[in-house]
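Thank you all for coming; I would like to take a few minutes to walk through a structure that may be new to you.

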Amino acid sequence: MDELEQGLLMQPWAWLQLAENSLLAKAYITKQGYALLISDLQGVWHEQVNASVISQRAKELNKRLTAPPEAFLSHLDDLLRPLLKNIDCPGNATFSCDHVAEALILRVRSELSGLPFYWNFHCNLAGPSLVSQHLIRPLMGVSLALQCQVRELATLLRMKDLEIQDYQESGAALSRDRLKTEPFEETSFLEQFMVESLAHALEAPWYHQQTFSPGHLLFMVETSVRVSFPLGNSPWLSAVS
């Protein structure tokens, strides 16, 4: 794995807010080149280029500009970095994207040294191994970690309930009634959590930009926490299908 591949793997995903839509993106830029990964939650596109490709493409798109590839890479980094942090781009920079066949082209228009600067990121469909490395495996790892956390918290709550019960059986009483809580019921808690999470997800802007069915979304929500019944037996499935 070279420096660009390793660097891209260490970058977090961020929302790339464009005028026409929103994309998930991550980028890693050095003096030797850049690696870029973009997803619209239906496909994943990737481009990785070195300094020689930067020089050639810069000549094709910016005939009035003459600079070493390091200068173009530094400028691209200055443009992308704030955008991926949801900060306004410097100057009058604009971004747009087009789908051309199976490729995705992210177009950039800005200024460099007082002259117009144009750049096109030519991203091709990412292969299965790249998608697995950057999306599936990290998501599965986070999901497993959250499931372990849910189990540990549920165990802790049950122990707290037993501790409170022991105090009550020993004659202890609350000084303020408003502090009284009901014993923790894990199954009912998970069911309520699922309903509320699903309702929240259905209201999210990214959901309306995709072609997910409510049943598909329910599957995504259910797999994020530990449940004791399969999707087909979910009592609230019929309410959103």
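What pLDDT does the protein average, and what share of the residues score at least 70? This is a predicted model, and the protein averages a pLDDT of 82, with 80% of the residues scoring at least 70. Over residues 211-241, however, pLDDT stays under 50, and where pLDDT is low, the predicted coordinates should not be read in detail.

Seven strands form an open sheet with antiparallel pairing, and their order is 1-2-3-4-7-6-5. Strand 1, residues 14-17, and strand 5, residues 94-100, are the edge strands, each of which pairs on one side only. Neighbouring strands of this sheet are turned by 30 degrees against each other on average, direction ignored.

Next come the helices. Helix 2, residues 51-61, packs on the sheet and touches strand 3, strand 4 and strand 7, its direction making about 125 degrees with that of strand 7. Helix 3, residues 69-84, lies across several strands, among them strand 1 and strand 7, and runs at about 145 degrees to strand 2.

Finally, the aromatic rings: the count comes to four aromatic pairs. In one of them, the rings of F72 and F117 have their centres 5.9 Å apart and their planes at 15 degrees, so this pair is stacked. Because F72 lies in helix 3 and F117 in strand 7, the pair ties together parts that are 45 residues apart in sequence. Both F72 and F117 are buried, and ring pairs link F72, F117 and W119 into a cluster.

Definitions and conventions. Residues are numbered from 1 along each chain as its sequence is written. This is a predicted model: local features need pLDDT of at least 70, side-chain atom pairs count only at pLDDT 80 or more; totals for chains, interfaces and linings use all residues. Side-chain values use heavy atoms; hydrogens and water are left out. Two strands pair if DSSP finds at least two bridges between them. Helices (H or I, at least four residues) and strands (E, at least two) are DSSP runs, numbered from the N terminus. Axes are lines fitted to C-alpha atoms, for helices over the stretch in contact, and angles run from 0 to 180 degrees between N-to-C directions. Contact means heavy atoms within 4.5 Å. pLDDT is the predictor's confidence in each residue, from 0 to 100. Rings of Phe, Tyr and Trp (its six-membered ring) pair if their centres lie within 6.5 Å; planes under 30 degrees apart count as stacked, over 60 as edge-to-face and the rest as tilted. Buried means under 20% relative accessible area, exposed over 50%, partly exposed in between (1.4 Å probe, protein chains only).
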